Amino acid sequence: MLTCTPKGICSYDYFISGQDVSAELNFDLWTETGEIKTHDDHFYIQKHGAFSGKWSLETGSETLAIAEKFSALTRQFDITAGGEDMELRAESAFTRNTLLTGGGYYVSYCPVHAMTRRATISGEWKDFTVVAFGFWLTALTWKRAQQSSAAGS
């Protein structure tokens with residue numbers, strides 16, 4: 001199991017740690033872009049246009065993964081990485097939990113409890129970088145929901 005700890009009380013930037021792996025996830029303050037830093041690598045997350053539902057995970061000139069969100073009304077992304085197709089989707093309409101499935105991945109991203117940004121990652125995967133990208137997208141949906149609820153109050 002991996003633990004996801006926010007960098008601060010109001011932050012959506014995270015540290016992920018677990019046995020033999022660690023990463024730092026960061027969001028750009030004004031856009032839906034960011035980065036993932038591991039011990040050995042630095043990856044950039046790019047959004048393909050302000051109104052686009054497409055993100056890519058890149059290092060240098062290489063694209064490692066593509067995530068596409070086809071509907072603004074769902075919490076679901078189709079991800080392609082390493083020639084494998086996966087789906088990141090909400091576990092249910094009533095929780096913030098998400099699941100990454102397909103291509104040898106069965107990963108669960110779960111908040112520790114309803115009133116926190118801390119989370120855990122568990123399951124089976126091939127590539128930790130893809131798992132970290134999945135969590136970055138999950139945290140993005142949490143961030144969007146928080147901003148929507150704050151704007152509505």
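1. Basis. Because the model is predicted, local features are given only at pLDDT of at least 70 and side-chain atom pairs count only at pLDDT 80 or more, while totals for chains, interfaces and linings use all residues. Residues are numbered from 1 along each chain as its sequence is written, and side-chain values rest on heavy atoms, with hydrogens and water left out.

2. Salt bridges around E32. The structure holds six salt bridges, the term meaning a side-chain nitrogen of Lys or Arg within 4 Å of a carboxyl oxygen of Asp or Glu. One of them joins the side chains of K47 and E32 at 2.8 Å, N to O; K47 sits in strand 5 (residues 42–47) and E32 in the loop between strand 3 (21–27) and strand 4 (34–38), 15 residues apart. Helices (H or I, at least four residues) and strands (E, at least two) are DSSP runs, numbered from the N terminus. The side chain of E32 also meets that of R144 in a salt bridge, again given as 2.8 Å, N to O, and since R144 belongs to helix 1 (residues 128–152), this pair ties together parts that are 112 residues apart in sequence.

3. Exposure of these partners. Both K47 and E32 are buried, whereas R144, at 27% relative accessibility, counts as partly exposed; buried means under 20% relative accessible area, exposed over 50%, and partly exposed in between (1.4 Å probe, protein chains only).

4. A further pair. E87 forms a salt bridge with R89, with the closest N and O atoms 3.0 Å apart; E87 counts as partly exposed at 24% relative accessibility, and R89 counts as partly exposed at 28%. Elsewhere, salt bridges that share partners join E32, K47 and R144 into one network.

5. With contact taken as heavy atoms within 4.5 Å, and leaving aside residues up to four places away in sequence, I16 touches, among others, L2, V21, L25, I121, F128 and F135.
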